[in-house]
Amino acid sequence: DDVTPDAAGLAASTKPRLRYFGVSLRVRLLVALVDLAAMGLVVAAAVTHTLLASFLLQRFDEQQASASTFVYSTLFQRLPGGGRSFDGGASRPSSRLLPTGSYAIVVDASGKVVEGLSYDASTNIWSPEVAASAPQLPKDVLSHAKPFTVTDKHGTRYRVLVDHDPRDAFTVRATGASATYVFAMPQRDVDQTLGRLTFVEA
């Protein structure tokens, strides 16, 4: 069987194309696998970040709830006939070391801040001189039954705990009005840990 020149030329020109398309397909598969691996790493990083954030906040909330009890007993004076009152306007030592920038805030029934005390770990003193970096509480602060996060004017994030326990009810000595105790702690350690994780993942 003789092969005509045209048929021979066609066969010769087809072989390189087949080889070309074969290599191209392998490259495409390799690129697809690399893309899938990259997507898997991104998803894994996001899941890790979310789980760690949840764990750190849960642990932070537990520590804050424990610290809040000490702060309450320090700042709110027990009355002879029972109950407690808040007598602001004076610095006083803390019964427990806390992060600098922690705040004890007195809020009236409308959610308005009546007074606040800021804490300085270097002196272990609560002071009525509330810094400009005080956390910005929402107007509906009293509606929060669980800890929540707010920021100050400089972007520092705070975890806020509203004390709704009726056993912790108190009055403001200057006015005799009932109020609610709100405790805020800066969550710098949590944010720094998550920031380092994000840097490593990047």
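Leaving aside neighbours within four places in sequence, phenylalanine 183 is in contact (heavy atoms within 4.5 Å) with Gln64, Ala67, Ser68, Val71, Leu98, Ser102, Tyr103, Trp126, Arg159, Val160 and Leu161. This is a predicted model: local features need pLDDT of at least 70, side-chain atom pairs count only at pLDDT 80 or more, and totals for chains, interfaces and linings use all residues. Residues are numbered from 1 along each chain as its sequence is written, and side-chain values use heavy atoms, with hydrogens and water left out.

**Nonpolar cores**

- The largest nonpolar core has 23 residues. Such a core is a set of buried Ala, Val, Leu, Ile, Met, Phe, Trp, Tyr and Cys residues joined through side-chain atoms within 4.5 Å. Buried means under 20% relative accessible area, exposed over 50%, and partly exposed in between (1.4 Å probe, protein chains only).
- Val71, Phe76, Trp126, Phe170, Tyr181 and Phe183 have the most contacts inside this core.
- At least two residues each come from helix H1 (5-75), strand S4 (103-107), strand S5 (113-120), strand S9 (170-172), S10 and helix H2 (188-201). Helices (H or I, at least four residues) and strands (E, at least two) are DSSP runs, numbered from the N terminus.
- H1 gives the most to this core, with seven residues.
- A second, separate core has 13 residues, among them Tyr103, Val141, Val160 and Val182.

**Glutamine 64**

- Glutamine 64 lies in helix H1. It is buried, with a relative accessible area of 1%.
- Its side chain reaches the backbone oxygen of arginine 159 at 2.9 Å.
- Leaving aside neighbours within four places in sequence, glutamine 64 is in contact with Arg159, Val160, Leu161, Phe183, Ala184 and Met185.

**Strand S8 and its partners**

- Strand S8 (residues 157-162) is mostly covered, with five of its six residues buried.
- S8 runs antiparallel to strand S7 (residues 148-151), and four bridges join them. Two strands pair if DSSP finds at least two bridges between them.
- Threonine 151 stands opposite arginine 157 in S8.
- The hairpin of S7 and S8 has five residues between the strands, and glycine 155 there takes a positive phi near 95 degrees.
- S8 also runs antiparallel to strand S10 (residues 178-186), joined by five bridges. Here valine 162 stands opposite valine 182 in S10.

**Aromatic pairs**

- A search of the whole structure finds eight aromatic pairs. Rings of Phe, Tyr and Trp (its six-membered ring) pair if their centres lie within 6.5 Å; planes under 30 degrees apart count as stacked, over 60 as edge-to-face and the rest as tilted.
- Phenylalanine 76 and phenylalanine 86 form a tilted pair, 5.3 Å centre to centre with 45 degrees between the planes.
- Phenylalanine 76 lies in strand S1 (residues 76-78) and phenylalanine 86 in strand S2 (residues 84-86), so this pair ties together parts that are 10 residues apart in sequence. Both phenylalanine 76 and phenylalanine 86 are buried.
- Tyrosine 119 and tryptophan 126 form a tilted pair as well, 5.3 Å centre to centre with 50 degrees between the planes. Tyrosine 119 and tryptophan 126 are both buried.
- One aromatic cluster is formed by Tyr72, Phe76, Phe86, Phe170, Tyr181 and Phe183.

**Asparagine 124**

- Asparagine 124 lies in the loop between S5 and strand S6 (125-127).
- Although not a glycine, asparagine 124 has a positive phi of about 60 degrees. Most residues other than glycine have a negative phi.
- Asparagine 124 is partly exposed, with a relative accessible area of 21%.

Methods
Polar contact = N/O pair within 3.5 Å; in protein donor to acceptor, adjacent residues only side chain to side chain.
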